[in-house]
Amino acid sequence: MLALLLAGGILSFNAVHPSTSPDDTLSSDPRLRVRRSFSLANVTLGEFIREASTASGVELSADAGVAHRRLTVYCRDRRVADLVRQVAAYFDFTWTRRGAGEGAAYVLRQTPEARIAEMRALRGPPCMSTIIS
């Protein structure tokens, strides 16, 4: 079981076999299949990704535009690929690959489309005075 504490709420994943798609950037890298446990409270996404990178031996990083987000991660014996994929999905972020084979590195980032959707969600619906005006 994976529990993530994000923005004041707990998001739990109980997926034993997370779905993967053929275009999944992380699935094809066998180095990320290593299983690890994490107990990280109120850390930045950048700190969590560095921990996952150290645990897997794979160069993982978070783009400067997303590294400041905060989360808490508690999990035991989880595949690093599954864990970082689920965190990315929660935030609606995307993994991109640099390089190939044993030298491949991965960067977590927010696409422009996801950034626009997030800004619209944060703004909320227009207030009535705007609609009436």
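1. Start at S53. Its side chain reaches the backbone nitrogen of L60 at 3.2 Å. A polar contact here is a pair of N or O atoms within 3.5 Å; within protein, one must be able to donate a hydrogen and the other to accept it, and residues adjacent in sequence count only if both atoms are side-chain atoms.

2. This is a predicted model, where local features need pLDDT of at least 70, side-chain atom pairs count only at pLDDT 80 or more, and totals for chains, interfaces and linings use all residues. Residues are numbered from 1 along each chain as its sequence is written, and side-chain values use heavy atoms, with hydrogens and water left out.

3. S53 sits in helix α1, residues 45-56. (Helices are DSSP runs of H or I, at least four residues; strands are runs of E, at least two; both are numbered from the N terminus.) S53 counts as buried because its relative accessibility is 15%. Buried means under 20% relative accessible area, exposed over 50%, partly exposed in between, with a 1.4 Å probe and protein chains only.

4. Leaving aside neighbours within four places in sequence, S53 is in contact with V58, E59 and L60. Contact means heavy atoms within 4.5 Å.

5. L60 belongs to strand β4, residues 59-62, whose side chains alternate. L60 and A62 point to one face and are buried.

6. Strand β4 runs parallel to strand β7, residues 105-109, and four bridges join them. Strands pair if DSSP finds at least two bridges between them. V107 in β7 is the bridge partner of S61.

7. Back to α1. L45, F48, I49, A52 and S56 of this helix meet V80, L83, V84, V87 and F91 in α2.
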